[in-house]
Amino acid sequence: MTEDVSKSGSDPELHEFKESEGYVTKVDTEHRGNLKTAKDGHTILIPQPSEDPLDPLNWSPFKKHVILLVISFAAFLPDYGSATGAVTLLPQAEVWNMSPDTVNHSQVGNVFMLGAGGVFAVALSAWAGRLPVLFYFLVLATATAAWCAAATTFESFMAARILNGFFSTVSQGGGLMFIFDMFFFHERARKINIWAAFIILSPYMGPLFAAFIISTLSWPVPFWVYFAETALALILTIIFVGETYYDRRIAPADQPPRGSRISQLTGIAQFRSRHLRNSFGQACMRPIRVIIKPTVFLSAVYYLLTFAWVVGINTTLAIFLTPLYNFGPKQIGFFYFTPIVAALLGEAIGHWLHDGIARQYIKSHNGHFEPETRLRAIWFSTPFMLAGLVGLGFALENGYHFMATAVFWGLYVFGIMVTTVALNAYNLDSYPEASGEVSAWINFTRTAGGFIISYFQVNWAKSVGAKVSFGTQAGICAFAFLIIILLQRYGKSMRVKSGALHFPTA
């Protein structure tokens, strides 16, 4: 008979991380005992997988990576669709006889909802299961994407954009849940790197395609492309993604029935076993209990102060480039190759950097690992972000060659790519049972910062000059780096003093 875990409180075997001890990741053969290890015989598998073939940790590498790619593609779409509007706002302003700044309000509303929607999606997932929330949110994201393309008035378009932002962000806000469910501790940084690369690339791919499209076609066409891509993500989810939540505290023989494919997608199977997960009230409280943890809150503040400029630059760059370089839509489209290359370089280097830092620490600390080690990568990425922002200000104000402007933009994007993976990995390692919640809050602060800066980025640069504007942004990033130093020095003691989350389930 299975236990009602929603009433049982915290279980010491919910995860293998102990705040005061960190992770024990290496052990010699003599002291291994019954612990399961990776193929090298020394790396302890965290979490320890069950004997059940239905346990997502026991799924084939092919199945895991197909699901990871589908989740990453779904996470790619929210910012892709949002940033598409940054290019279409000029022709839209002409059609609706409005100023580009007024049309940009639909962009700002969409950006805010990209963060808010993730928090709601994660809370619902803790109650209803991962897969049905992903399925229903993607259905509504597909419908609202079609609405965006078919809108004939600004009011209709703005309503569609706001709703689309809320529903499309499900995989972006909660992607860490799937990574936590399917992959072992020693694998997660590289998987986060893949998922984060899709997210960082997305706001540049949207304008790139949209700029080329509107050079010959009308503004709705890029949004019809976005609709087709969202529909593809929905179809891939229906075909390939399974329910990844699995409670290893329940014996394989006592696991609730997985149900048919249809019942998993629609949530019927998960509803029948809801007594084994969080109650609705507990699920709603999870995000609140996570954000008041000092290390999560400080991480969120840091990300807000550093990532805000990504969204601000991306949503307003066309306004800067058009008069400065006399760029048309096609030239702006080519210009967006810069951050795409920078993000790919950040992904490639991060593939080795994050694991290399972890391995070096584990080797020098007798097999132990502390989450704060992840933050060392930000020492590497911060100089790139600062140089990129300062250089971008000089380039835009002094009219440097557009290639110089592109290089500075690329430096900043490269730095933010490395930073994003380090920060997500740190918070996942710190609170593994709150994988969705930490992912949602970091995503929320990322978009909240962009939401704020989008309102005044252009006017700010015009009033004080691009040098002062972007130099101030660099100064804020430098100040925010003090938070990283604080977390490295006192993060562990903060986590120990604030205590564990004591969630009923992971």
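**Note on the predicted model: helix packing and selected residues**

1. Ser125 touches Arg130, Val133 and Met177, leaving out residues up to four places away in sequence. Ser125 sits in helix 2, which covers residues 100-128. Is Ser125 buried or exposed? Ser125 is buried, because its relative accessible area is 4%, and under 20% counts as buried.

2. A word on confidence. This is a predicted model. The protein chain averages a pLDDT of 89. Of the residues, 94% score at least 70. Residues 1-12 are a stretch to read with that score in view: their pLDDT is below 50. Beyond near neighbours in sequence, this stretch has 28 contacts in the model.

3. Now helix 2 and helix 4. Helix 4 runs over residues 154-168. The axes of helix 2 and helix 4 come within 6 Å. They cross at roughly 25 degrees. Angles under 35 degrees count as roughly parallel, so helix 2 and helix 4 are roughly parallel to each other. Their crossing is right-handed.

4. Which residues build this contact between helix 2 and helix 4? From helix 2 come Thr102, Val103, His105, Ser106, Gln107, Gly109, Asn110, Met113, Leu114, Ala116, Gly117 and Phe120. From helix 4 come Phe154, Phe157, Met158, Arg161, Ile162, Asn164, Gly165, Phe166 and Ser168. By class, the contact of helix 2 with helix 4 has 10 nonpolar, 10 polar and 1 charged residues.

5. Next, helix 3 and helix 5. Helix 3 spans residues 130-150. The axes of helix 3 and helix 5 come within 11 Å and cross at roughly 155 degrees. Angles over 145 degrees count as roughly antiparallel, so helix 3 is roughly antiparallel to helix 5. Helix 3 passes helix 5 in a left-handed crossing.

6. The contact of helix 3 with helix 5 takes Arg130, Val133, Leu134, Phe137 and Leu138 from helix 3. Helix 5 supplies Val170, Ser171, Met177, Phe178 and Asp181. How do these residues divide by class? The contact of helix 3 with helix 5 has 7 nonpolar, 1 polar and 2 charged residues. Look back at Ser125 here: it touches Arg130, Val133 and Met177. Arg130 and Val133 belong to the helix 3 side of this contact, and Met177 to the helix 5 side.

7. Helix 5 also meets helix 6. Helix 5 covers residues 170-182 and helix 6 covers residues 185-214. Their axes come within 10 Å and cross at roughly 160 degrees. Helix 5 and helix 6 are therefore roughly antiparallel to each other. Helix 5 passes helix 6 in a right-handed crossing.

8. On the helix 5 side, this contact uses Ser171, Gln172, Gly175, Leu176, Ile179 and Phe180. On the helix 6 side, it uses Arg188, Lys191, Ile192, Trp195 and Ile199. By class, the contact of helix 5 with helix 6 has 6 nonpolar, 3 polar and 2 charged residues.

9. Leu265 lies in helix 8, residues 261-266. Leu265 is buried, with a relative accessible area of 5%. What does Leu265 contact, leaving aside neighbours within four places in sequence? The partners are Leu131, Pro132, Phe135, Tyr136, Thr237 and Ile238. Leu265 and Asp355 are 90 residues apart in sequence and 35 Å apart in space, C-alpha to C-alpha.

10. Pro56 is in the loop between strand 1 (23-24) and helix 1 (61-96). Pro56 is buried, with a relative accessible area of 0%. Leaving aside neighbours within four places in sequence, Pro56 is in contact with Lys64, Asp181, Met182, Thr244, Tyr246 and Arg248. Pro47 is also found in the loop between strand 1 and helix 1. A cis peptide bond joins Ile46 and Pro47, with omega about -5 degrees.

11. Last, check two backbone angles. Asn326 is not a glycine, yet it has a positive phi of about 60 degrees. Asn326 lies in the loop between helix 11 (294-325) and helix 12 (329-335). Asn326 is exposed, with a relative accessible area of 68%. His502 is not a glycine either, and has a positive phi of about 55 degrees. Where is His502? His502 is in the segment after helix 18 (466-498). His502 is partly exposed, with a relative accessible area of 48%.

Technical notes
Residues numbered from 1 in each chain as written. Predicted model: local features only at pLDDT ≥ 70, side-chain atom pairs only at ≥ 80, totals over all residues. Heavy atoms only, no water. pLDDT = per-residue confidence, 0-100. Contact = heavy atoms within 4.5 Å. Axes fitted to C-alpha atoms, helices over the stretch in contact; angles between N-to-C directions. Helix = DSSP H or I, 4+ residues; strand = E, 2+ residues; numbered from the N terminus. Parallel < 35°, antiparallel > 145°, perpendicular 65-115°, else oblique. Left-handed = near helix turned anticlockwise from the far one by under 90°. Nonpolar A, V, L, I, M, F, W, Y, C, P; charged D, E, K, R; others polar. Buried < 20%, exposed > 50% of the residue type's maximum accessible area, 1.4 Å probe, protein only.
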